[in-house]
Amino acid sequence: MYGWAGTILDVDLSCGKIRKEPFDQSLGKDYLGGRGINSRILFSEVRPGIDAASPDNLLIFGTGPLGGTVAPSANRMSVTAKSFAYPGIGMSNVGGSFGPELKWAGYDHVVIRGRAEEPVYIFIDDDTVTIRPAKHLWNRNTWETDRLIKNELGDPNIKVASIGPAGEKLVRFAVILFTMHRVAGMTGMGAVMGSKNLKAIAVRGTGSIRVADPKRMIALTREITNRIMQNPYYRYFSVHGSPASMLVADKAGILSIRNFQQASPWEGAVNFKKSSISQYYTRDKACHACPLHCSHFFEVKDGPYKGEKGEGVEGGLVYPFGPNLGNSSLESMFRILNLCNQYGMDTIELPFAIAAAMEWYQQGIITQKDTDGIELEWGNVDAIIAMIHKVGNREGFGDLLAEGGYRASLKIGGKAAEDYSHCKGMGMGSDDPRLMKAYVLSGSTSTIPGHHEEGYPPAISPEKMKTLIGTDREADPTSYEKAATTVYYQNLCTMTDAVEICKFISGWAEQEIHFQEAADLFSAATGIERDAEQMKLAAERINALERAFAVREGISREDDRFRGRIAREPIQGGPCKGEEIDPEKFESMLDRYYELRDWDVKTGIPSRAKLEMLGLDDVAKALSDMGKLPPQKNTPEYQEK
Ligand code: SF4
């Protein structure tokens with residue numbers, strides 16, 4: 001077998017049984033790898049309606065057919081389970097070097113099932129897999145866990161994935177930390193790991209991956225890498241990283257300021273200039289095989305956060321912890337990042353929960369009596385840091401926020417619940433969606449609700465749009481003609497997650513890998529010839545399958561929308577003043593989206609015809625058995641419904 005390593009590892013923590021199954025190449029043909037195969041396994045093996053904390057939930061790690069090869073950014077890995085954060089598939093995509101190491105150890109996917117009686121960790125040492133006691137690691141943060149496991153195993157080069165106290169205490173947005181700095185975030189994968197009493201996975205892989213056509217692979221890698229390095233975004237990302245986009249977002253008027261209450265310009269933006277951020281960078285850092293190297297090591301040399309060292313401060317941290325909390329201290333971001341990583345908490349869901357609490361405090365809905373004496377005022381960095389400790393330990397008021405902003409707002413009730421901005425219970429990514437209607441549509445319909453990396457495309461020129469999707473009518477960011485663009489970019493993001501390359505070098509980030517480039521790399525790696533249309537079709541299949549999983553859990557058209565303040569109020573000022581989500585225009589845009597997907601317009605559920613066309617007959621049967629499959633078009637039942 002080429003491209004894939006050839007084995008799926010299955011570990012049952014309830015009984016300690018470890019199995020190795022041969023990788024089924026037909027799965028690779030239909031679902032490509034990573035995210036696609038993870039979702040297929042989850043749909044087939046997890047019964048509808050289970051609690052995310054049930055031992056019957058699966059936690060699946062999936063590398064892709066390019067992982068561990070020389071292909072550009074062939075380092076990503078997807079982590080999948082029934083989500084702790086909302087009722088659907090929890091899925092998170094992570095870079096770094098853990099995924100390649102797992103493949104070099106010989107595994108394409110690792111499926112974890114059951115629950116250990118006491119804390120354990122798994123050591124994957126090439127062919128030898130053992131479950132080891134981890135009681136001594138429980139309550140340790142992720143960095144300590146990384147160090148202790150490496151010491152115990154006597155090898156500093158072993159790659160460790162671990163949870164911190166937040167995962168152990170089932171904080172709903174707990175993450176898994178890989179090699180101390182790379183994060184599988186947002187949908188509560190760390191809480192699933194904690195519910196299984198699984199503290200960590202350590203891996204040592206000394207093998208390699210055989211590709212079908214090494215010469216073609218090297219030639220393609222050279223050619224695509226050259227294009228990536230000549231792309232206008234290359235220098236920006238490789239030198240400054242994603243936080244430097246803060247000023248651009250402020251100028252465009254799309255920052256969430258004080259929980260979407262205010263609009264640009266943000267008074268603190270001046271502190272986040274490119275040069276201000278770069279002064280803390282000590283070295284560039286790339287994930288395995290990535291020419292873009294957008295990450296950086298940093299060190300704070302003086303001031304109140306002196307001594308903070310780490311890696312990977314990103315836009316996904318500085319937007320939500322900066323303007324969203326009224327926090328203009330750039331230096332504080334480095335302390336905040338390290339704390340979130342050590343506790344193992346998501347840097348988007350956590351600050352949106354804190355932002356909601358700051359607004360309740362501002363409005364007098366809660367007082368210092370509720371917050372354990374903490375003055376939750378906008379921009380109070382000490383209060384933000386105190387709250388991180390409280391949430392990570394589920395202590396006092398932190399226990400409420402550990403449920404996530406949405407659930408916390410429901411418990412507070414009244415105006416707090418009415419105003420909380422979310423989609424299906426998940427907070428926004430980092431941009432205010434009200435300007436960009438493609439974000440409104442993609443956030444409303446994508447597998448991970450509200451996520452900014454699930455299909456919301458960059459601002460593209462009309463000419464480029466015409467080449468990509470056959471029309472330039474959807475180029476205006478404020479127009480509600482966004483269905484074709486959204487389908488295109490959602491499929492592109494799904495495909496990159498399935499072959500497991502980074503979105504930052506894909507067309508999603510105005511970079512060079514679209515469907516054809518991915519098809520060429522896939523073909524060279526696996527020896528299975530694929531073209532752009534076949535890659536798109538595989539992405540369609542994965543999206544329909546993930547949608548069917550959500551449908552099983554009760555999600556339908558009614559849920560496909562933003563709620564709370566951002567759905568009700570226009571932007572109050574700045575260059576986007578007055579931009580809002582017009583309910584009628586949104587519904588028409590959603591109709592068009594479902595039509596393009598061939599999902600039932602009335603319910604948002606994939607049609608039988610579509611599922612069968614994608615080879616998902618068993619999925620159609622499962623939905624039909626639950627009475628969830630919509631009647632077929634042009635039948636009396638359809639007219640009645
Ligand atoms: S672009 Fe950045 S995050 Fe993506 S693989 Fe490269 S270094 Fe990692």
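I started with Pro-265, which is found in the loop between α9 (246-252) and α10 (274-278); helices here are DSSP runs of H or I with at least four residues, strands are runs of E with at least two, and both are numbered from the N terminus. A cis peptide bond joins Ser-264 to Pro-265, with omega about 0°.

I noted the basis of the entries: this is a predicted model, where local features need pLDDT of at least 70 and side-chain atom pairs count only at pLDDT 80 or more, while totals for chains, interfaces and linings use all residues. Residues are numbered from 1 along each chain as its sequence is written, and side-chain values use heavy atoms, with hydrogens and water left out.

Next I checked the loop between β10 (176-178) and β11 (182-184), where Thr-179 has its place. Phi of Thr-179 is positive, near 45°, and the residue is not a glycine. Met-180 lies in the loop between β10 and β11, and its phi is also positive, about 75°, although Met-180 is not a glycine.

I then looked up charges over rings (NZ of Lys or CZ of Arg within 6 Å of the ring centre and within 35 degrees of the ring normal). The charged end of Arg-552 sits over the ring of Phe-43, 4.3 Å from its centre. Lys-199 lies over the face of Trp-138, 5.9 Å from the ring centre.

I listed the residues around it (a heavy atom within 4 Å): among them are Asn-75, Arg-76, Arg-182, His-293 and Phe-504. The surrounding cysteines include Cys-287, Cys-290, Cys-294 and Cys-502.
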